[in-house]
Amino acid sequence: MAYIVGRQEGGSVVLVDSVTRAGDSVIARRRSVEPVVGASALPTPAASPAERAAARSRTGTPRLAKFHVPEILFGPGSLPEAAHAAVRLGARRPLLVTDPGLCAAGWPTQLGAHLAEAGLRPAVWSGVTPNPKDHEIAAGHVAYREHGCDVIVALGGGSVIDAAKGIALLAGNGGTILDYEGVDRMALPIPPLVMVPSTSGTGADVSQFCIVTDTARNTKITILGRAMVPDVSVVDPSLLTTMPDWLNAATGLDALTHGIEAYVSRAHNPLTDHHALQAIALVGEHLERTMDHPADEAARTCMAQAALEAGLAFTNAILGAAHAMSHQVGGLLDLPHGVINGVLLPHVIRFNSEPDPHRFVPIAQALGLPGRIVPDSTAGAAEAAEWAAAEVRRLADELGVPKGLGEIGVTEADVPLLSAMTLADACLSTNPREAGQADIETLFRAAL
């Protein structure tokens with residue numbers, strides 16, 4: 001499913017006066033016609049005529065924007081809906097893709113029972129590890145063929161879901177998974193996909209991305225294409241209660257990074273902006289609560305919504321430098337993707353906001369920036385962007401994320417290779433600021 005909207009406000013930015021909560025929603029109010037006098041927490045000078053003129057010039061020519069979205073079923077207790085979805089997609093012998101941790105938690109057994117009750121004969125394949133490897137996807141494809149499967153149901157986190165997408169890609173197109181690195185490299189249809197996320201952050205259940213580890217080069221490849229958007233996503237927040245704390249923290253930071261990078265992406269549009277700000281606000285308000293109170297159903301539901309909204313934002317707006325860099329570190333060291341994002345993101349915010357910080361004002365407001373800033377004030381916007389970077393680092397500290405990449409095994413000697421590989425990552429193309437190898441190397445060194 002895809003929506004097309006006919007107007008985009010601003011070639012690079014829409015300034016807002018405030019971002020507030022209304023129930024479970026975020027409302028971003030446009031910049032006031034009359035300037036706000038002063039600021040309560042971030043005092044800044046009034047905008048000059050030149051700054052106001054520059055702000056007006058940011059409004060670019062309206063353009064079309066496409067918005068991809070699968071069918072979504074959301075809410076506690078929705079797990080059985082995955083079986084009904086598989087039936088509607090024509091399944092008789094679905095392949096249930098999962099991992100050993102989920103099997104130990106018992107969720108695949110429950111879903112398998114629902115599939116059987118719906119008259120299906122599921123085959124289970126659980127050979128996925130974190131950061132799914134090229135050879136694992138090849139093995140999953142063999143299982144799909146051997147069992148004569150027709151629909152793929154994935155129950156798990158981003159690694160499981162990416163593996164399921166890879167298996168579907170090979171089932172429909174053949175070859176090896178590395179053949180499809182890049183954008184729209186698949187030529188033939190793939191089997192229907194039903195996704196049941198068990199973590200709150202990756203957004204893979206609604207995205208057009210498939211991230212796979214190339215074990216020969218020790219890097220992650222990005223496969224991007226409309227065919228990768230699943231048919232159905234079933235989001236049951238109950239599944240999040242069995243996540244270990246480290247995974248909850250990592251995936252929550254991943255959702256936050258998705259929201260922030262989608263909001264400032266060159267490919268953002270009004271629909272992605274809404275979902276990105278919602279995700280940022282929900283993570284900022286509820287992630288720490290889920291760490292302190294893992295059984296809090298309301299907080300878990302909000303984090304499930306945050307992951308979903310962030311996924312809807314980034315699959316349509318794409319991402320930026322933090323993800324382009326994180327993919328390389330994760331491929332090299334096989335580390336949790338969200339943890340790497342938590343280390344890199346503050347540095348990337350500072351880098352991207354340096355030439356024009358205004359786009360980061362709504363991000364800071366969604367994260368809870370105290371007080372108000374003067375609309376159009378470059379000085380106030382710069383302070384807001386710095387506050388956002390510091391707030392991301394504060395949250396990472398609360399979650400126990402390492403201060404730097406050096407603590408998780410990255411060395412100075414790794415920087416040139418990591419930087420060179422970053423330049424080839426598709427996510428870098430939509431970063432709001434141009435970044436060459438020297439810039440990426442500087443960012444990696446700052447994050448060490």
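**Pockets, cavities and helix contacts in a predicted model**

Author: In this predicted model, 43 residues line the largest pocket, and those nearest its centre are Gly157, Gly158, Ser159, Thr202 and Leu247.

Reader: Which helix gives the most to the lining of the largest pocket?

Author: Several elements each supply at least two residues of this lining: helix H3 (100–105), helix H6 (158–173), strand S11 (209–214), helix H7 (245–264), helix H10 (321–333) and helix H11 (337–353). Among these contributors, one gives six residues, the most to the lining, and that helix is H7.

Reader: How do the residues of the lining of the largest pocket divide by class?

Author: For the lining of the largest pocket, the division is 21 nonpolar, 17 polar and five charged.

Reader: What is the volume of the largest cavity?

Author: The count of cavities of 30 Å³ or more comes to three. The largest cavity is lined by 14 residues, with Pro197, Thr199, Val235, Ala304 and Ala307 closest to its centre. Its volume is about 80 Å³.

Reader: Which helix gives the most to the lining of the largest cavity?

Author: By class, this lining has seven nonpolar, five polar and two charged residues. The helix that gives the most to it spans residues 297–317 and supplies three residues; it is H9.

Reader: How are H11 and H13 oriented, roughly parallel or roughly antiparallel?

Author: The axes of H11 and helix H13 (residues 378–398) come within 9 Å and cross at roughly 175°. An angle over 145 degrees counts as roughly antiparallel. H11 and H13 are therefore roughly antiparallel.

Reader: How many residues of the contact of H11 with H13 are nonpolar?

Author: H11 takes part through Gly342, Val343, Leu345, Pro346, Ile349, Arg350 and Ser353, while H13 brings Ala385, Glu386, Ala388, Ala389, Ala390, Val392, Arg393 and Ala396. Of the residues in this contact, two are polar and three are charged, and the number of nonpolar residues is ten.

Reader: Why are H14 and H15 oblique to each other?

Author: Helix H14 (residues 415–422) and helix H15 (residues 437–447) have axes that come within 9 Å. Angles of 65 to 115 degrees count as roughly perpendicular and those over 145 as roughly antiparallel. H14 and H15 are therefore oblique, because their axes cross at roughly 130°.

Reader: Which residues of H15 make the contact with H14?

Author: The crossing of these two helices is right-handed. On the side of H14, the contact is made by Val415, Pro416, Leu418, Ser419, Ala420 and Thr422. On the side of H15, the residues are Gln437, Ile440, Glu441, Phe444 and Arg445.

Reader: Is the crossing of H10 and H14 left-handed or right-handed?

Author: The axes of H10 and H14 come within 8 Å and cross at roughly 125°. That angle makes H10 oblique to H14. The crossing is right-handed.

Reader: How many charged residues are in the contact of H10 with H14?

Author: In this contact, Ala324, Met325, Gln328, Val329 and Leu332 of H10 meet Leu418, Met421 and Thr422 of H14. By class, six of the residues are nonpolar and two are polar, and the number that are charged is none.

Terms used. Residues numbered from 1 in each chain as written. Predicted model: local features only at pLDDT ≥ 70, side-chain atom pairs only at ≥ 80, totals over all residues. Heavy atoms only, no water. 1 Å grid on protein atoms, 1.4 Å probe; cavity = no way out; pocket = protein on both sides within 12 Å on 5 of 7 lines; lining within 4 Å. Helix = DSSP H or I, 4+ residues; strand = E, 2+ residues; numbered from the N terminus. Nonpolar A, V, L, I, M, F, W, Y, C, P; charged D, E, K, R; others polar. Axes fitted to C-alpha atoms, helices over the stretch in contact; angles between N-to-C directions. Parallel < 35°, antiparallel > 145°, perpendicular 65-115°, else oblique. Left-handed = near helix turned anticlockwise from the far one by under 90°. Contact = heavy atoms within 4.5 Å. Points joined across faces, edges and corners; volume = space filled by probe spheres on them.
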